[in-house]
Amino acid sequence: MEIKERIEKLRRQLTYHSKRYYVDDDPEISDFEYDRMYAELLALEAQHPEMDDPASPTHRVGGAALDKFEKVTHGVPLNSLSDVFSFEELQEFLDCVAGILTKPTFSVEPKIDGLSVALRYENGVFVQGATRGDGQVGEDVTQNLKTIFSIPLTLTEPLTLTVRGEVYMPRATFRRINEKREAEGLSLMANPRNAAAGSLRQLDPKIAAERKLDIFVFNFQEGQLYADGHAPQTHSETLDRLEELGFCVLKHRIVASTAEEIVAHIQKMGAMRDSLPFDIDGAVIKINDLTDRITLGEGTNTPKWAVAYKYPPEQKPTKLEDIVIAVGRTGVLTPTAVLSPVRLAGTTVSRATLHNEDFILDKDIRIGDVVTVQKAGDIIPEVVASHPELRAGGERIFAMPTACPSCGEPVMRDGDEGAAVRCTNSACPAQLSRGLEHFASKNAMDIEGLGPQVVELLLANDLIHDAADLYHLRAEDIAGLERMGDKSAANLVAAIERSKSAGLERLIFALGIRSIGQVAAAALAARYRTLEACFTATKEELVAIEDFGEITADYVLNYFSHPQNVALCRRLMDMGVLTEATAAPTGDKLAGLTFVLTGTLPDMSRDEASTLIKAAGGKVTGSVSKKTSYVVAGEEAGSKLTKAQQLGVTVIDQDALLEMLK
């Protein structure tokens with residue numbers, strides 16, 4: 001057989017078996033056989049570069065890392081959906097549709113919790129993939145999408161079309177990555193959706209390939225579905241056709257004609273959420289007839305022919321085995337529920353927050369109770385209720401300790417914070433550990449690799465006693481510690497060195513002064529310009545800062561009144577940590593305007609955008625309110641965008657912001 005024929009045969013075989021494995025979930029050959037064919041093709045293509053083909057299976061992972069993602073304007077907008085949160089709200093949508101259409105039918109589908117992309121094919125070959133962005137303009141992530149094996153590089157027919165899909169990270173992959181990150185002392189990914197979004201926006205496709213993402217295609221956007229020009233009549237027909245062309249399409253979908261059928265299927269999918277290998281956060285209800293969709297039309301940002309029903313937080317009962325106390329970086333004692341393990345929103349939960357002593361008393365929660373737990377925002381486990389009617393008589397009433405469980409020093413109830421109980425020992429080991437974790441966190445000094453386990457390791461080996469000691473560490477000091485090694489040690493020391501240039505805003509936030517969050521830290525940096533100037537701040541000066549009250553001012557004064565805190569700051573200065581504001585406002589174009597940043601911006605980080613806004617005299621806050629002037633929304637903007645739309649706050653994109661700054 002000629003070389004060309006052999007290469008083409010291997011490409012056909014690998015494409016076929018890849019679909020059998022990743023799309024049909026019905027492999028015909030072993031992984032060993034597949035890998036052997038892949039290796040042979042890779043070798044032949046290397047020997048004969050003149051036979052290169054962009055659609056070859058070997059192009060799924062390869063190529064140099066990008067400098068940035070190019071923008072892509074969508075031919076058909078990738079609009080978001082209106083949300084409904086109850087069956088009553090869903091019925092209002094159905095009633096509205098029934099007032100316009102005669103006997104409409106609906107496609108009811110799971111709402112995959114991932115991020116939307118558009119895939120474009122020319123003559124059957126995958127040529128471009130882009131993120132949703134703001135719905136009109138996204139980012140070109142073609143190379144990263146090629147690493148997803150369930151995306152066909154060539155269709156079964158040479159058609160030109162664009163489809164829309166949802167990229168997600170399977171739960172098993174998410175668990176594996178977090179286990180690896182935990183072992184390396186890195187911060188854990190929050191949830192599969194965020195992990196998928198971050199993976200797809202890696203500039204190096206090899207990193208994206210390691211994340212093992214997947215996709216469901218859920219909509220035909222534009223182009224040609226049939227070679228003979230036949231136009232499909234229904235959405236369900238387009239999905240069936242897309243499956244024939246090689247796409248992995250949504251499962252567990254039905255066509256329904258009554259509210260009862262729709263609700264029943266939503267409930268059925270809700271009951272199976274826990275058993276699915278991927279996360280869903282709701283159900284999508286779409287008009288099935290494509291002509292009817294045109295009749296209903298489009299709203300400003302959402303179609304009038306579809307809604308997304310969002311599932312309420314999943315709740316389950318379990319036994320409260322014990323209540324233990326965690327000591328935070330400011331000395332606050334927080335009660336935590338130890339639970340009989342329960343499967344909840346895709347993960348096994350064995351601990352949940354109980355907030356404070358008043359919360360426990362108000363809900364009459366006792367050790368040994370059967371309690372109901374849920375995940376706030378599908379992320380943070382919390383106890384929402386106890387069930388006194390199920391008590392057997394051995395339950396125990398909880399009382400906060402009178403001594404700190406970490407250092408044994410007395411605790412006291414904090415009059416400033418109501419229910420907070422606080423350790424009185426500023427040298428408490430637990431406070432030191434939490435404080436160092438905060439110092440190294442992403443929004444503070446951003447020291448990658450310095451997670452809780454590594455902090456505990458350094459403390460246990462007497463290598464650090466405060467934040468300034470971090471800057472004395474050498475790779476040889478820590479390479480021999482458990483779970484470290486030469487490479488991990490070198491990376492950690494390099495990350496610590498990089499943090500020296502984090503800037504005054506981040507440093508003030510990293511110090512962990514009570515009541516001083518990122519916004520307040522930025523205000524202090526703007527007012528005093530150097531860390532040393534903060535030492536001599538007066539109450540009159542502090543309360544004059546916008547959004548500073550007397551209590552916040554007192555916390556700042558109290559912090560810098562302690563000699564050990566000033567000594568720490570001076571040691572940080574001596575170690576070369578940047579303690580001066582890097583840039584003063586250079587203009588007043590945005591003076592008096594308040595901005596909120598949400599989502600991923602195309603060409604800059606949110607920190608960079610924030611710096612530009614502040615340099616132009618604007619203010620950046622973390623939450624949307626009626627006082628917000630603009631919300632700058634990027635890729636996969638979340639609840640802040642929704643709230644802005646509800647409050648009527650003007651939403652702009654990165655380009656509009658840059659135009660304002662000209």
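**Exercise 1. Determine which elements the buried residues of α8 pack against, and which residues these are.**

Solution. In this predicted model, the buried residues of α8 pack against the strands β3 (106–112), β7 (161–168), β8 (214–223), β9 (254–256) and β10 (280–287), and against the helix α10 (290–296). Next, list the residues: helix α8 spans residues 235–244, and its buried members are His 235, Ser 236, Thr 238, Leu 239, Arg 241 and Leu 242. Finally, look past the end of the helix: just after α8, Gly 246 has a positive phi of about 115°.

**Exercise 2. Describe helix α21: its span, its buried residues and its exposed residues.**

Solution. Start with the length. Helix α21 covers residues 563–574, 12 residues in total, and its first and last C-alpha atoms are 16 Å apart, close to the 16 Å expected at 1.5 Å a residue. Then take burial, for which the cut-off is under 20% relative accessible area. The buried residues of α21 are Asn 565, Val 566, Leu 568, Cys 569 and Leu 572. Viewed down the helix axis, these buried residues fall within an arc of 155°, so they line one face of α21. On the face turned away from the buried side are the exposed residues Pro 563 and Asp 574. The packing partners of the buried residues are α12 (429–440), α16 (504–510), α18 (531–534) and α20 (550–561). Just after α21, Gly 576 takes a positive phi of about 90°.

**Exercise 3. Classify the packing of α20 and α21 by the angle between their axes, and name the residues that meet.**

Solution. Two packed helices are described by the angle between their axes and the distance between the axes. Here the axes of α20 and α21 come within 5 Å and cross at roughly 80°. Angles of 65 to 115 degrees count as roughly perpendicular, and α20 and α21 are therefore roughly perpendicular to each other. For the contact itself, α20 contributes Tyr 559, Phe 560 and Ser 561, which meet Pro 563, Asn 565, Val 566, Leu 568 and Cys 569 of α21. By class, the contact of α20 with α21 has six nonpolar residues, two polar residues and no charged residues.

**Exercise 4. Locate Asp 364 and Arg 529, and state the phi and exposure of each.**

Solution. Take Asp 364. Although not a glycine, Asp 364 has a positive phi of about 50°. Asp 364 is in the loop between α11 (357–362) and β15 (366–367). With 30% relative accessibility, Asp 364 counts as partly exposed.

Now take Arg 529. Arg 529 is not a glycine, yet its phi is positive, at about 70°. Arg 529 lies in the loop between α17 (518–528) and α18. With 25% relative accessibility, Arg 529 counts as partly exposed.

Conventions: Residues numbered from 1 in each chain as written. Predicted model: local features only at pLDDT ≥ 70, side-chain atom pairs only at ≥ 80, totals over all residues. Heavy atoms only, no water. Helix = DSSP H or I, 4+ residues; strand = E, 2+ residues; numbered from the N terminus. Expected span 1.5 Å × (residues − 1). Buried < 20%, exposed > 50% of the residue type's maximum accessible area, 1.4 Å probe, protein only. Arc of directions from axis to C-beta. Contact = heavy atoms within 4.5 Å. Axes fitted to C-alpha atoms, helices over the stretch in contact; angles between N-to-C directions. Parallel < 35°, antiparallel > 145°, perpendicular 65-115°, else oblique. Nonpolar A, V, L, I, M, F, W, Y, C, P; charged D, E, K, R; others polar.
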